[in-house]
Structure formats: C-alpha cells, structure tokens
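Subject: Structure handover and findings

Hi,

Here is the structure I said I would pass on. Please open it next to this message and read along.

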Amino acid sequence: MTTTHGRQPTLLRRALAAEAGMWRSLFRWISRRRPTLADDARAFGYAGVVTPIFVVFIVVSAVEIPLLDLLLAHFLPWPPLRIVALTLGAWGLIWMFGMLGAVRVHPHVTDAAGIRVRYGHSVDVTIPWSAVAEIRGRRRSLTHSSRTVEVEESGDRVHLLVGTGGQTNIDLVFREPMTVVVPKGPDRPVSELRFYADAPDALIARARGHLTAVATP
C-alpha cells in the first residue's frame, strides 16, 4: 500500500506538468514566439523527421471526429454520448497540435557555456563543454522506436538516448560519467548522450568550435 500511494502524486504531477507544457507550447507556436537566445547562442531544430507523422495523425483525427459523430447520431442517438465523444476527439486533436508545437518551439541550443539538448517540454538537459570529450555524428536506431528516452549499457558504460522519430544521429561523449536527469532515465551516471538534430553536421561543427575554444588556454 505504501508503494502504491507513494507513486500516485508523482504520476499526477507528471500528468499535470505534461498538460501545462502542452498548452504553453501550443500558445508559443501559434503566437510565433521564438526562444530568446544570447548573442553567442544558436538554435538547432529536430522536428523535421517527425512533423510529417504528426501531420498525418492530425489530419486523420480531424476526419474521424465528424465521422464518429455521424455514426453515433445514426446508431446511438444519445446526445450526452455524442457530446463526450466530440469533447474527447477535440481534446485529442488539440493535444497533437500541442505536441507538434512542443518539438518546434523547444530546439537544441549551443552557446559558449555548453549545449542544451531537448525534446519538447519533457526533456531539457544542459551539458557544459568542460564535461565533453568529443562530439561526433552517427545515425542509430532506438530499440523501441515509440520511446523518446532509452538507456543502453555496454560493459560498465551507460549510454542515454534521446531519440526523435526512433533515431539519433549525434553522440556526445563525456570526459567522465555524469548524472543526467530525464524522465524515465538511468539511475546511474552516463558516459554518453545520444540525440537527434535535423542539421547534425552544422551542430557538430558549432560544438567543436566551442570545444576548441574551451581547450585553448
């Protein structure tokens, strides 16, 4: 009983945070509010690979809502049921718009201090350049393509994957294992963070410039 009650507030907080994050992201996307960046910072998107998928789901959902209403009106003509179905359908459609907005308004960011790796409003990790040994490009597939966060272990090394569209294409290797806090992440320090960017070569070039600057006395 203790374990069950202990988990409930955490799940509730996560659900409320996800809902609030979705609405904030949707507002920022609709209002075209770009992230405020420092003069030496540059944003790198990662939404390109998943945008077509979101668009397909949005279109299908938009078509399903009136079709379902017509079916209910014909076979189950009970007004409360139709209202509930329309409400849930509209909420689901808005949620998908919010998810698309989230991956578009929360880009990765590099600046002189470090790199900020993100996925929507759920993953937000900042790594200082002083902790980075190497950054390199390599395309990889997640074992579970439906997940955003995945953990791989190789011997005593732990790799944290923040995937987009079930893949990563940049490896960020740490000088020493470090703790990285993400939802459903590893319970011990990781040696490498892998993530996805639409323009990996540009991000890697920018990052290597910062790494060189940090290494130069």
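Below is what was found in it, from the overall layout down to single residues.

**Overall layout**

This is a predicted model. The protein has four helices and nine strands. Along the sequence they come in the order α-β-α-α-β-β-β-β-β-β-β-β-α. The C-alpha trace spans about 75 × 45 × 30 Å along its principal axes. Of the 217 residues, 37% are buried. Take the contacts between residues at least 6 apart in sequence: 71% of them join residues at least 24 apart.

**The nonpolar core**

The largest nonpolar core holds 39 residues. Ile127, Leu172, Val180, Leu193 and Phe195 have the most contacts inside it. What does Ile127 touch, once its neighbours within four places in sequence are left aside? The partners are Gly114, Ile115, Val132, Leu172, Phe174, Met178, Val180 and Leu193.

**Helix α4**

Helix α4 covers residues 200-215. Its 16 residues should span 22 Å at 1.5 Å a residue, and the end C-alpha atoms are 22 Å apart, so the two values agree. Its buried residues are Pro200, Leu203, Ile204, Ala207, His210 and Leu211. They take up an arc of only 125° around the axis, so they sit on the same side of α4.

What covers the buried residues of α4? The cover includes these strands:

- β1 (42-44) and β2 (108-110)
- β3 (114-119) and β5 (132-141)
- β8 (167-178) and β9 (190-195)

α2 has 25 residues. From first C-alpha to last it reaches 36 Å, close to the 36 Å expected. Thr51, Phe54, Ile58, Ser61, Asp69 and Leu72 are buried in α2. The buried residues of α2 pack against α3.

α3 has 27 residues and reaches 38 Å, close to the 39 Å expected at 1.5 Å a residue. Buried residues in α3 include Ala85, Gly92, Leu93, Met96 and Gly98. Leu100, Gly101, Ala102, Val103 and Val105 are buried there too.

**The largest pocket**

The largest pocket contains about 1,000 Å³ of space. Its lining is made of 32 residues. Which of them lie nearest its centre? Those are Met99, Tyr119, Ser122, Thr148 and Pro183. Four elements are listed as giving two or more residues to the lining: α1 (2-30), α2 (51-75), α3 (79-105) and β6 (149-154).

**Single residues to look at**

Thr164 is in the loop between β7 (157-162) and β8. Is Thr164 buried or exposed? Its relative accessibility is 2%, so Thr164 counts as buried. Beyond its sequence neighbours within four places, Thr164 contacts Tyr46, Val49, Val50, Tyr119 and Tyr196. Tyr119 is also one of the residues nearest the centre of the largest pocket. Thr164 and Ala197 are 33 residues apart along the chain, with their C-alpha atoms separated by 8.3 Å.

Ala41 is in the loop between α1 and β1. At 17% relative accessibility, under the 20% limit, Ala41 counts as buried. With neighbours within four places left aside, its contacts are Val109, Thr110, Asp111 and Arg206. Ala41 and Glu176 are 135 residues apart in sequence, and their C-alpha atoms are 25 Å apart in space.

Arg116 is in strand β3. It is partly exposed, with a relative accessible area of 32%. Leaving out neighbours within four places, Arg116 contacts His108, Val109, Asp124, Val125 and Thr126. Val109 is also a contact of Ala41. The C-alpha atoms of Arg116 and Ala43 are separated by 9.3 Å, at 73 residues apart along the chain.

Lys184 is in the loop between β8 and β9. Lys184 is exposed, with a relative accessible area of 70%. Its phi is positive, about 60°, although Lys184 is not a glycine. Most residues other than glycine have a negative phi.

Best wishes

Technical notes: Residues are numbered from 1 along each chain as its sequence is written. This is a predicted model: local features need pLDDT of at least 70, side-chain atom pairs count only at pLDDT 80 or more; totals for chains, interfaces and linings use all residues. Side-chain values use heavy atoms; hydrogens and water are left out. A nonpolar core is a set of buried Ala, Val, Leu, Ile, Met, Phe, Trp, Tyr and Cys residues joined through side-chain atoms within 4.5 Å. Buried means under 20% relative accessible area, exposed over 50%, partly exposed in between (1.4 Å probe, protein chains only). Contact means heavy atoms within 4.5 Å. The expected span of a helix is 1.5 Å times one less than its number of residues. The arc is that of the directions from the helix axis to the C-beta atoms. On a 1 Å grid over the protein atoms alone, a cavity is a set of points where a 1.4 Å probe fits but cannot get out, and a pocket is an open set with protein on both sides within 12 Å along at least five of seven lines; lining residues have an atom within 4 Å of a point. Grid points are joined across faces, edges and corners, and a volume is the space filled by probe spheres set on the points.
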